[in-house]
Amino acid sequence: MKILGKNTKKLWATSLSMMLLLTGCGTTGNVETSTPAPEKEDVAVTQEVSKTEESAEPLSKTEQAKADLDFGGETIVFCYPPGYGLIDTDGTSLSLGRRDAKMKELEEKYNVKIEQRDDASTYWENMVTSIASGSPEGHIMVTQERQLLSWLEAGAVADLTTAMEKTGIDFTDTEKYSQIVRKYSNYNDGQYGFSEPAPYVSQSYWFYNKRIFEEMQLGDPYEMVANKEWTWDKVTEIAQKATKRKPDGTIEQYGLGTMMVTDLLGSLCQSNGTNMATFNEEGKAVLTLAEPKGMKAFEQMSDWLFKDKVALFNDGSVDWDATISDFLNGNVAIMCGTNPVLNKAKGAPMADDFGIVPPPMGPDVTEYTIGGAMGQFYFIPKTYEDMADKLLLLIDDLYELPEGMTREDTVIESYATHVRDEESLKNYAEMALNFDTSIYEIAIMAGLDWGDPSLVEICNKVIKGEATPADMMEQNKVQLQTLLDDKFNALKFTGK
């Protein structure tokens, strides 16, 4: 994996200490009370400035639109789902604090009042009906992949295409906008979602317990990653060694763990250069799990969970975070998980030190590859489509990077206090920065994990030894493809 910039160590230390920057005050010098006659040089400079002003390029369409923007004192509401932590309630988030300060600037600049809310207890349940009634909770709101398609079909989401053309705002600006959100929220030639590049990874990555690795002399995963030895075969070897069984066969320490079984299957597919489902060149949703690369991933998962029995997993019968607790308690050597693992490890906190690495390399690739997902992103309710141009101009200013900061800096600042060492921070930041070019997975967006048939149930039958991966794919691939066809029947993917 690529080494991050030279500022990584400095930013890591700065974020850990959460130091505030002090603003110094200068002294005012003496003011000249008389106005001397201009020298020849002054006249020449004045003439040169005048010429420069005359030759200045005209404002771009976006710059002119911003120069003319005035909300007339109107209140614009940013409404977030409860519990998402998108409001800096305790003043400890540097990034949210900066965003709030930027909002204050924009209030004055555009004669607008900006309100932030996360108190809508029925946020998800009443979204479509509140928009249909003309009373959405906010002007700018949050959605996720699972909700997007049904909300689009219900006509609840504003098409931003006209607003973008009117203002000249360009979502292909990689410094301001997430390209994965831009691309995968575009249907029937309409643009429906947007987000700044997320400073986090929203698909699965892998953790390891440093104490277990040291005590059992399992090697250094960081070196394995650097030497491209962090592979499925290597994880198999480690998981078998790290699994401890009591005399009666009960497992007291697992070599490997995962959240939902589909999290592990998806991660293995992506780490082998494929996915469970994708869009083809014509924009049609197609099942790819049944293809050779996907089947290798399915068979590897089956080996770990059923044949070798070295992996702890969630088959959907327990709380979603049950296996996370086992990892945090030091009972799992390697964990396939998402950001909730990292957040809980910080919050608990986890007693054992842990490291972060990319998913292990599959047999059909030569580089580490990760999955991509839109995660949480923003939309404008259909109610406010007529003022979407003004709202996008506000967003465009809000998404400007702070002066002197890069996207790398925002990732490091956000997660430096979550990790335990610089190598983990480097790996995490590298995955986040490459997220827009990762392998996108549409199976979750399409609801294949809990459909009929569901990927969860298909995996569970394999794990229980009731059928092989090949058997289950042969029995269900037609029905799974039908689910995809039905899901995207009215929505043709047109993202580029």
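Here's a quick tour of this protein chain, from the overall make-up down to a few residues worth a look. Keep in mind that the model is predicted. The chain has 496 residues, and buried ones make up 50% of them. There are 20 helices and 16 strands to find your way around.

**The chain as a whole**

- If you take the contacts with a separation of 6 or more, 78% of them come from residues 24 or more positions apart.
- The chain exposes about 23,800 Å², and carbon and sulfur atoms supply 49% of that area.

**The second largest pocket**

- This pocket comes in at a volume of about 340 Å³.
- Its lining is made of 25 residues, and the ones nearest the centre are Pro197, Ala198, Ala432, Leu433 and Asp436.
- Which helices each give the lining at least two residues? Look at H8 (179–184), H17 (407–415) and H18 (422–433).
- By residue type, the lining splits into 12 nonpolar, 10 polar and three charged.

- H17 is mostly covered, with eight of its nine residues buried.
- The buried set in H17 runs through Arg407, Glu408, Asp409, Thr410, Val411, Ile412 and Glu413, and also takes in Tyr415.
- Within that buried set you'll find Arg407, Glu408, Asp409 and Glu413, and these four belong to residue types that count as charged.

- Just past the end of H19, glycine 465 takes a positive phi of about 80 degrees.

- Is alanine 311 buried or exposed? Its relative accessible area is 6%, so it's buried.
- Setting aside residues up to four places away in sequence, alanine 311 touches Tyr254, Leu256, Trp304 and Leu305.
- Glutamine 240 is 71 residues from alanine 311 along the chain, yet their C-alpha atoms are separated by 9.3 Å.

**Asparagine 275, a buried loop residue**

- You'll find asparagine 275 in the loop between H12 and strand E9 (277–279).
- With 6% relative accessibility, asparagine 275 counts as buried.
- Leaving out neighbours within four places in sequence, the contacts of asparagine 275 are Cys269, Thr288, Leu289, Ile439, Tyr440 and Glu441.

**Two asparagines with positive phi**

- Asparagine 111 isn't a glycine, but its phi is positive at about 55 degrees.
- Look for asparagine 111 in the loop between helix H4 (94–110) and strand E2 (113–117).
- Its relative accessibility is 35%, so asparagine 111 counts as partly exposed.
- Asparagine 188 is another non-glycine residue with a positive phi, this one near 50 degrees.
- The loop that holds asparagine 188 runs between strand E4 (186–187) and strand E5 (190–191).
- Asparagine 188 also counts as partly exposed, at 42% relative accessibility.

**Another cis proline**

- Where does proline 349 sit? Its place is the loop between helix H15 (339–347) and strand E13 (354–357).
- The bond between alanine 348 and proline 349 is a cis peptide bond, with omega at about -15 degrees.

How values were computed
Residues numbered from 1 in each chain as written. Predicted model: local features only at pLDDT ≥ 70, side-chain atom pairs only at ≥ 80, totals over all residues. Heavy atoms only, no water. 1 Å grid on protein atoms, 1.4 Å probe; cavity = no way out; pocket = protein on both sides within 12 Å on 5 of 7 lines; lining within 4 Å. Points joined across faces, edges and corners; volume = space filled by probe spheres on them. Helix = DSSP H or I, 4+ residues; strand = E, 2+ residues; numbered from the N terminus. Buried < 20%, exposed > 50% of the residue type's maximum accessible area, 1.4 Å probe, protein only. Contact = heavy atoms within 4.5 Å. Areas by Shrake-Rupley, 256 points an atom, 1.4 Å probe, with all protein chains shown as cover.
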